[in-house]
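Please look over the sequence and the structure before reading on.

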Amino acid sequence: MQFCSAVYALVRDRRARIGWYGPWKTDPERPGGASWELARRMVEGRHELIPDERLANLRYGEPVPEDVEILIVVAPRQEHPRVAFELDQFVQRGGKLVVLVDRVQYDALTHERLGPAGLEDVPPTGLEDLLAAYGARPTPEHVWDTLWATEHSWLRARTGSNAAALGLPPERIPVDSPLLIQVGAEGVDSAHPVTAGVSGVTFSWAHPIVPAEPPAGVVRTALLSSSEASTLLIEPTALHVVDPEDIRANSAALLASRKPRSYMLAAALEGTFPSPFERAPAPDDPLLSDELPATTDEAVLSGAATT
């Protein structure tokens, strides 16, 4: 619901033409995995959603269709440089871009992190350079918030000689996890139109946005932030800690080793954006031809739009 409210704030009370680039269905190989299906259905119910096939060939040099007003990029994974170029040129033409970075998968029921065990194995989005040029690059680390930890249940196999024979289901263990952050009113910018109607947001395995200064001409607003008692989880050994005592020990160790602070979890960027492709755009997909140049001689828009 908060996601749809944010989209609504970009277009207000009119029906907009919105593009969706990225996954939204549940992965059949991970039946418990979280999906964006509900969010997509809600957007589709309020606005005109552009058919997916019209956005399927960004990596091959096809631009974002001109009738798209807002483009939602969901969970980008190892995107080709040409995709970054087409997204950038969409922004330069005045389009509104919403990028939802989610570099890990987690179980929708238990919120257990799936996939690679270490942060170094998390695949890049392919949009790092583009987002850095705009002043909002997320990092692969996770925010560990000791103050706004959310209670949830982990599933643990039952022990005992009769557990397996009786076919007992896994036991639910309630725990407050600093990796699941409940951002309340204190962490929401209620003055910005995008989050004016948002009372709170729950983040699972949140990535922080690098606190570097945005480029000249760009104004960045922190829409959602963690508490001042937050730090970054860098060591992958704590990714799957479920015991309350272990969580408290990890929190004490993390806060003792680095100064706690608030981290930006969502940001709005407005202004005149410099294009990282000013010299030349990225090539088309190299699979099309072995003879493609490193860059092409196409015209590149830069700093041409305010969004």
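Is T231 buried or exposed? T231 is buried, because its relative accessible area is 0%; buried means under 20% relative accessible area, exposed over 50%, and partly exposed in between, with a 1.4 Å probe and protein chains only. The model is predicted: local features need pLDDT of at least 70, side-chain atom pairs count only at pLDDT 80 or more, and totals for chains, interfaces and linings use all residues. Residues are numbered from 1 along each chain as its sequence is written, and side-chain values use heavy atoms, with hydrogens and water left out.

T231 belongs to strand β12 (residues 230–233). Helices (H or I, at least four residues) and strands (E, at least two) are DSSP runs, numbered from the N terminus. Leaving aside residues up to four places away in sequence, T231 touches H142, V143, W144, L254, L255, R258 and Y263, where contact means heavy atoms within 4.5 Å. T231 and W144 are separated by 87 residues in sequence, with their C-alpha atoms 5.3 Å apart.

## S251 and W144

W144 is also a partner of S251, a residue of helix α6 (residues 244–257). The side chains of S251 and W144 make a polar contact at 2.9 Å. Such a contact is a pair of N or O atoms within 3.5 Å; within protein, one must be able to donate a hydrogen and the other to accept it, and residues adjacent in sequence count only if both atoms are side-chain atoms.

S251 is buried, with a relative accessible area of 11%. Not counting residues up to four places away in sequence, S251 touches W144, T146 and P178.

## Nonpolar cores

The largest nonpolar core has 26 residues, and Y21, V64, L71 and L87 have the most contacts inside it. A nonpolar core is a set of buried Ala, Val, Leu, Ile, Met, Phe, Trp, Tyr and Cys residues joined through side-chain atoms within 4.5 Å. Two or more residues each come from β3 (70–74), α3 (81–92), α4 (128–134) and β13 (264–271). Helix α3 gives the most to this core, with six residues.

Another core lies apart from this one; it has 17 residues, among them I181, V188, L265 and A266.

## Helix α2

In helix α2 (residues 37–46), the buried residues are A39, R40 and V43. These residues are on the same side of α2, because they cover an arc of only 95 degrees around the axis; the arc is that of the directions from the helix axis to the C-beta atoms. Exposed residues L38 and G45 are carried on the face of α2 turned away from its buried side.
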